[in-house]
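Hi everyone, thanks for coming. I'll walk you through one structure today, so please have a look at it before I start talking.

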Amino acid sequence: MPVPDPTQAERARVAARIRACRRCPRLVAWREDGDRGLPVPGFGDPAATVFLLGLATAAPGNPTGRPFTANRSADFLVAALHRAGLADQPRSEHAGDGLRLSGAWMASAVRCPPPGHRPLAAERDACLQHLRDEWHALPHLRAVLALGAFAWDAALRAADVDPRPRFTHGARVATPDGPVLLASYHPSPQNTNTNLLTAAMFDTVLGRACAEGRYAPPTTSEEST
Ligand code: SF4
């Protein structure tokens with residue numbers, strides 16, 4: 001008989017708060033003016049030890065209700081997760097594509113799609129509580145891999161790290177009571193097309209995050225929120 005997961009209800013509450021959130025007037029106006037959908041909660045395995053943190057929800061992916069879906073950053077990231085054994089397929093195309101993560105969770109620092117994919121610092125700060133809430137609702141979380149400088153800054157702030165180390169690819173900060181924070185270049189086409197970030201580089205830093213998370217083969221079922 002399956003063992004009840006006491007954190008499942010908490011993850012559902014966090015996801016509901018994110019979807020209903022209206023803290024950022026500029027983003028609420030923008031998403032509603034263009035019918036760009038609701039804020040997007042994280043997605044993945046409730047037993048995740050590794051948390052992939054992106055910049056902000058991408059507008060074309062927003063109607064899917066899932067982060068890192070239907071764009072080239074998602075193609076790069078999910079292919080890497082698949083190589084690492086964290087995803088059961090190499091592509092993230094739409095919410096019904098059957099993607100399942102094992103040992104991983106992915107989310108954006110800013111859950112609403114911002115104009116020009118450029119969120120403001122105030123919007124990052126307003127969204128930090130959602131990030132903290134998701135971390136706390138993942139009881140096995142050990143490592144956060146921040147994708148890009150913006151996500152790195154958000155992760156440091158969410159973990160109350162002070163002073164905050166500058167972003168560098170491969171940066172690592174251990175927090176006293178929370179997950180280890182690691183940094184990677186963002187898997188955007190701008191970075192991957194220029195080889196600032198290669199698949200081999202990303203596999204290495206993802207491997208470090210998995211090692212920090214003491215990742216083991218999956219034992220639980222996928223959950224999407
Ligand atoms: S960006 Fe975050 S804090 Fe701001 S309205 Fe969207 S979900 Fe709420």
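This is a predicted model: local features need pLDDT of at least 70, side-chain atom pairs count only at pLDDT 80 or more; totals for chains, interfaces and linings use all residues.

Residues are numbered from 1 along each chain as its sequence is written, and side-chain values use heavy atoms, with hydrogens and water left out.

So, which residues does Phe202 touch, leaving out those up to four places away in sequence? They are Phe76, Leu77, Ala80, Leu145, Leu147, Ser184 and Leu197.

Phe202 also turns up in the largest nonpolar core, which has 26 residues. A nonpolar core is a set of buried Ala, Val, Leu, Ile, Met, Phe, Trp, Tyr and Cys residues joined through side-chain atoms within 4.5 Å. Buried means under 20% relative accessible area, exposed means over 50%, and partly exposed is in between, using a 1.4 Å probe and protein chains only. Leu52, Leu77, Leu81, Met106, Leu145, Phe202 and Leu206 touch the most other members. Helix H3 gives the most to this core, with six residues. Apart from it there's another core, of 24 residues, including Ala48 and Leu138.

Let's stay with H3. Helices (H or I, at least four residues) and strands (E, at least two) are DSSP runs, numbered from the N terminus. H3 covers residues 72-83, and its twelve residues reach 17 Å from first C-alpha to last, close to the 16 Å expected at 1.5 Å a residue. That expected span is 1.5 Å times one less than the number of residues. Buried residues in H3 include Ser73, Phe76 and Leu77, and among the elements covering the buried ones are strand S2 (50-56) and helix H7 (199-212).

At the start of H3, a side-chain oxygen of Asn71 comes to within 3.2 Å of the backbone nitrogen of Ser73. Just after H3, Gly85 has a positive phi of about 80 degrees.

Next stop, the loop between H3 and S3, where we find Gln89. Is Gln89 buried or exposed? It counts as buried, because its relative accessibility is 19%. Its side chain reaches the backbone oxygen of Asp97 at 3.3 Å.

Last, compare that with Gln129, which sits in helix H4 (residues 121-136). Gln129 counts as partly exposed because its relative accessibility is 33%.

Key
Contact means heavy atoms within 4.5 Å. A polar contact is a pair of N or O atoms within 3.5 Å; within protein, one must be able to donate a hydrogen and the other to accept it, and residues adjacent in sequence count only if both atoms are side-chain atoms.
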